[in-house]
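Take a walk through the model below.

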Amino acid sequence: MFANHRVYWKTGITVILLLAAGQQTSAQSDQQNTRVFTLEEAVDFALKNYPAVRASLERVYSAEAGVSVARTSYLPRTEVLWQSNRATDNNIAGLTLPNSVIAPITGPVTLSPSNRSAWGSAGGLLFSWEPLDFGYRGAKVDAAHAVQRRAEAEASLTRLDVGIATVDAYLTLLAAEKTVRAAEADVERGETFTKSVHVLVDNQLRAGADASRADAELARARVNLARAQQVATSRAQLADILGIADATVEVRESTLLGAPPATAPPAAPISTNPAAEVQRARVQESQSLVHALDRSYYPKLYLQSVVMGRGTGVDPTGKFLGGTEGLGPDRANWAAGLMVTFPVIDIFSIKSKKAVEAANERAEEARYDQALQDLTGQLRKAQASLDGARKVAENTPLELEAARTTETQERARYQAGLATLVGVSDAQSFLVQAEIDDALARLAVWQNLASVAAAQGDLAPFLQSLHDKTQGAP
């Protein structure tokens with residue numbers, strides 16, 4: 001029995017050690033899956049990892065390749081052909097219209113049809129070059145460049161959208177965390193005050209109703225804390241925009257809760273906003289298509305040279321020489337010259353296509369004007385919101401200081417029997433709201449600074465001001 005007890009004890013220790021090791025491994029895994037970012041780091045990380053950014057860059061690379069494809073039209077064409085077949089020699093006088101079904105045959109007309117066949121072969125090389133195109137190929141290259149510029153502008157717009165979305169998600173999460181801290185401070189103050197109230201009630205220095213009211217106010221503070229602690233949605237949103245939805249992200253306050261910069265980013269023309277550049281690129285793309293159609297109704301000139309040879313198993317008199325290829329006569333020929341083609345009837349389809357593209361061009365020009373109007377309105381709204389946020393941020397420190405003084409005085413007056421519990425509860429509610437307002441007011445200034453930068457189309461000045469503020473911090 002003693003031996004059994006010893007074995008059981010050893011087994012129990014093993015289980016405890018395994019459980020401890022498992023908990024340690026789980027803690028290490030959670031720690032490794034947590035990423036901490038400053039705002040600058042978060043924006044840089046999102047621009048490198050968010051799938052939409054990578055997709056926009058690939059579209060740029062595709063458009064660049066399209067330019068290279070358009071330039072290949074300047075190169076001459078060289079085609080090589082070889083064939084070997086076995087066929088009959090039943091030729092007939094006359095001709096057929098060009099088609100892709102009936103195979104052409106050469107040689108004298110046979111006196112009577114026959115099912116005899118012989119081997120034949122043919123090979124050749126064709127060199128063709130278009131020395132003059134009246135600007136058509138250049139117009140196609142310009143159209144490809146227009147597509148490339150549009151893809152580049154769309155990539156810049158995607159980067160701007162991802163950058164501003166990252167800033168918004170980051171500041172939203174930081175605001176939620178500051179709300180949690182204010183609620184935690186309110187709970188701590190409530191717990192301390194409730195204990196003092198219960199001491200006074202137990203000593204019959206205050207009415208029992210005060211203890212009940214103090215307990216209710218503490219419960220309310222704890223409920224508000226529980227609601228504020230539901231920041232998982234904001235955290236998941238930031239992780240998603242960073243391209244690491246399966247990880248846990250944490251934010252580092254840095255200087256965002258300090259005094260924001262006194263000046264806004266330098267003004268930039270609205271026309272440089274990527275949203276406006278995308279619309280302007282679409283206008284240019286439509287214009288390039290119209291220009292390409294203008295250059296399409298011209299003659300096509302080709303310098304061509306051909307070298308070819310044929311062999312057959314039938315001699316010139318129609319006698320079959322055998323079943324082996326190459327026994328018959330072989331002939332080689334070459335030719336060189338200039339060929340001109342002109343699509344006479346295409347004038348009607350070209351006119352219709354030009355009408356379509358001209359209408360598309362006018363539509364894109366209207367969208368460009370609308371984009372400028374929308375961006376101008378967006379910038380003015382952002383500037384107005386920034387001015388309002390600055391005024392709020394200038395007054396919230398005064399509000400916070402007054403709320404702290406009021407809460408301290410009301411608490412002291414209650415202890416001295418000069419105030420009621422209702423006054424203390426109101427002062428505490430005012431204080432927690434002032435703490436939240438003060439923290440969110442500074443974050444609101446930063447958020448509106450980012451909105452102004454986004455309306456101007458460039459987040460770089462905003463990030464630079466944040467960097468300068470960080471470098472200047474003690």
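Tyr 297 is partly exposed, because its relative accessibility is 24%; buried means under 20% relative accessible area, exposed over 50%, and partly exposed in between, with a 1.4 Å probe and protein chains only. This is a predicted model, in which local features need pLDDT of at least 70 and side-chain atom pairs count only at pLDDT 80 or more, while totals for chains, interfaces and linings use all residues. Residues are numbered from 1 along each chain as its sequence is written, and side-chain values use heavy atoms, leaving out hydrogens and water.

Now look at the rings. The structure holds 5 aromatic pairs. Rings of Phe, Tyr and Trp (its six-membered ring) pair if their centres lie within 6.5 Å; planes under 30 degrees apart count as stacked, over 60 as edge-to-face and the rest as tilted. Phe 134 and Tyr 298 make a stacked pair, with 5.1 Å centre to centre and 15 degrees between the planes. Phe 134 sits in the loop between strand E3 (118–129) and H4, and Tyr 298 in the loop between helix H7 (274–294) and strand E5 (300–312), so this pair ties together parts 164 residues apart in sequence. Helices (H or I, at least four residues) and strands (E, at least two) are DSSP runs, numbered from the N terminus. Phe 134 is partly exposed at 28% relative accessibility. Tyr 298 is partly exposed too, at 27%.

Tyr 297 has its own partner. With Phe 342 it forms a tilted pair, 4.9 Å centre to centre and 55 degrees between the planes. Tyr 297 lies in the loop between H7 and E5, and Phe 342 in the loop between strand E6 (330–341) and helix H8 (346–415), so the pair links parts 45 residues apart in sequence. Phe 342 is partly exposed, with a relative accessible area of 37%.

A charge also meets a ring. Lys 300 lies over the face of Tyr 136, at 4.1 Å from the ring centre. The test asks for NZ of Lys or CZ of Arg within 6 Å of the ring centre and within 35 degrees of the ring normal.

The structure holds 1 cavity of 30 Å³ or more. A cavity is a set of points on a 1 Å grid where a 1.4 Å probe fits but cannot get out; lining residues have an atom within 4 Å of a point. Helix H4 (136–202) and helix H5 (208–228) each supply at least two residues of the lining of the largest cavity. H5 gives the most, with 4 residues.

Technical notes
1 Å grid on protein atoms, 1.4 Å probe; cavity = no way out; pocket = protein on both sides within 12 Å on 5 of 7 lines; lining within 4 Å. Points joined across faces, edges and corners; volume = space filled by probe spheres on them.
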